[in-house]
Amino acid sequence: MKKQILIGLFSLLFLQSVFAAGTRYEMRVDGLACPFCAYGVEKKLKAVEGASDITVDLNKGLVSVNIAEGKELTEEQMKKLFKDAGFTYRSMKKFPL
Amino acid sequence: MKDRPEYFWNNLGIAGLVMTVLLWSTASTAAPITFNTALPVAQGEFLVREQLIVNQSGDDPSAANRDRTASAAVTAMGYGINHRWTVFGILPYRDIDMDLKIAGQKINRSNRGLGDVSVFTRYTAYQNNQPGQTFRIAPFAGVKAPTGKNDARDNLGALPPPVQLGTGSWDYFAGVVTTFQTLRYQVDAQASYRVNNEANDFAAGTIARLDASLQYRLWRTSAEGGIPDYLFGVLEANLVRQEKNSVNGSNDPNSNGTRLFLGPGIQYVTKRWIAETAVQIPVVQNLNGTALENGYIVRAGVRANF
């Protein structure tokens, strides 16, 4: 019984490290004003390694994405990504997951 | 070409207008229904637009009692080369039907098939992005290649140019389009010019055109923190001035002129697709001689991101 409890605890700790690790990036982007255009941004972010849970808030001009642990988004990378999509990157905030 | 009765030439204003309409109402992002926009196509991305167009002309001032319906399914594709350059390709499938009277006898002439292919490029010369809005200016230029059949015949002989699928000529066009887009509304305006060259002893008149579009958001889905769907009410205006056609080197006095269309429409926009429809109603038709008047132009189409 003790052995089973220990295995269960270790499994929980392992799962937590898998699912909770990483960073959520919240980026302010100018020029986003229509749903059809926003799709290009989503598609480009999906191609970034480790990216998941992408959301685009048109009203606030915010684009958010989760990046897996061990990966990172840089300002230069995002400037180019949004420029290629036709928009202007302004700033970035990071939140640990 | 000389076996074609003169009244056929009078329709060519309509033919030129139809071709112009087909070629300049191209694929793009959320945008006007009857012409282009300056909004971006993301680098390396495709979008496709399919638009059905029915252009009806009648109310013939001549004794020929002409009545012409030109329908087209226009497929257009856009590709973003980079953040400034976009290329577009357009291929219409056309179905043309014309009734008229010759010596009191009603006859019909018709044709269907692929029309002329157009390609053009657009360059975003200026853009100013602000929170929730963008302003852009983009010149464009392109060419229409004579890929459509232009020597079709029926049992009465060679079909006249208004019933041919292609013009047989290489034609060139250029212009500039500007867009101001916010979360609530969008305004687009375009000025363009088109040179139609001679083929088979015929040249359609050059075309100068001014277009404007207002798209106002009437409704949106609730998508807290995400991408909602938008429903836009659309009102567009198209001022089209076409010079007289040239037939065997002489101007046709019964061809073309100036037309002003007003086009109310509606557009439903999601992040993956757009569905839209509009009716262009001629409110001014200052035409030369007995040139055939437009009745209406109906458009319905979809666009999709890939």
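**Helix crossing and chain contact**

Helices α2(A) and α3(A) are oblique to each other. That word follows from an angle, because only angles under 35 degrees count as roughly parallel and those over 145 as roughly antiparallel, with 65 to 115 as roughly perpendicular and the rest oblique. The model is predicted. In it, helix α2 of chain A covers residues 35-46, and helix α3 of chain A covers residues 75-85. Their axes cross at roughly 140° and come within 9 Å. The crossing of α2(A) and α3(A) is right-handed.

Which residues make the contact? From α2(A) come A:Gly40, A:Val41 and A:Lys44. From α3(A) come A:Leu81, A:Phe82, A:Asp84 and A:Ala85. Sorted by class, this contact of α2(A) with α3(A) holds four nonpolar residues, two charged and one polar.

Now turn to chain B. Its 306 residues are 48% buried. Chain B has 19 strands and two helices. How far apart in sequence are the residues that its contacts join? Take the contacts in chain B between residues at least 6 apart in sequence: 64% of them join residues at least 24 apart.

Last comes the place where the chains meet. Chain B gives 30 residues to the contact, and chain A gives 24. On the side of chain B that touches chain A, the elements giving two or more residues are β6 (126-130), β7 (133-145) and β10 (171-182) of chain B. By class, that side of chain B has 15 polar residues, eleven nonpolar and four charged.

Technical notes: Residues are numbered from 1 along each chain as its sequence is written. Chains are lettered from A and ligands numbered from 1 in the order in which they are written. This is a predicted model: local features need pLDDT of at least 70, side-chain atom pairs count only at pLDDT 80 or more; totals for chains, interfaces and linings use all residues. Helices (H or I, at least four residues) and strands (E, at least two) are DSSP runs, numbered from the N terminus. A residue is buried if 20 or more other C-beta atoms lie within 10 Å of its own, exposed if 12 or fewer, and partly exposed in between; C-beta atoms are placed from the backbone. Two residues are in contact if their C-beta atoms, placed from the backbone, lie within 7 Å. Axes are lines fitted to C-alpha atoms, for helices over the stretch in contact, and angles run from 0 to 180 degrees between N-to-C directions. A crossing is left-handed if the near helix is turned anticlockwise from the far one by less than a right angle, and right-handed if clockwise. Ala, Val, Leu, Ile, Met, Phe, Trp, Tyr, Cys and Pro count as nonpolar, Asp, Glu, Lys and Arg as charged, and the others, Gly among them, as polar.
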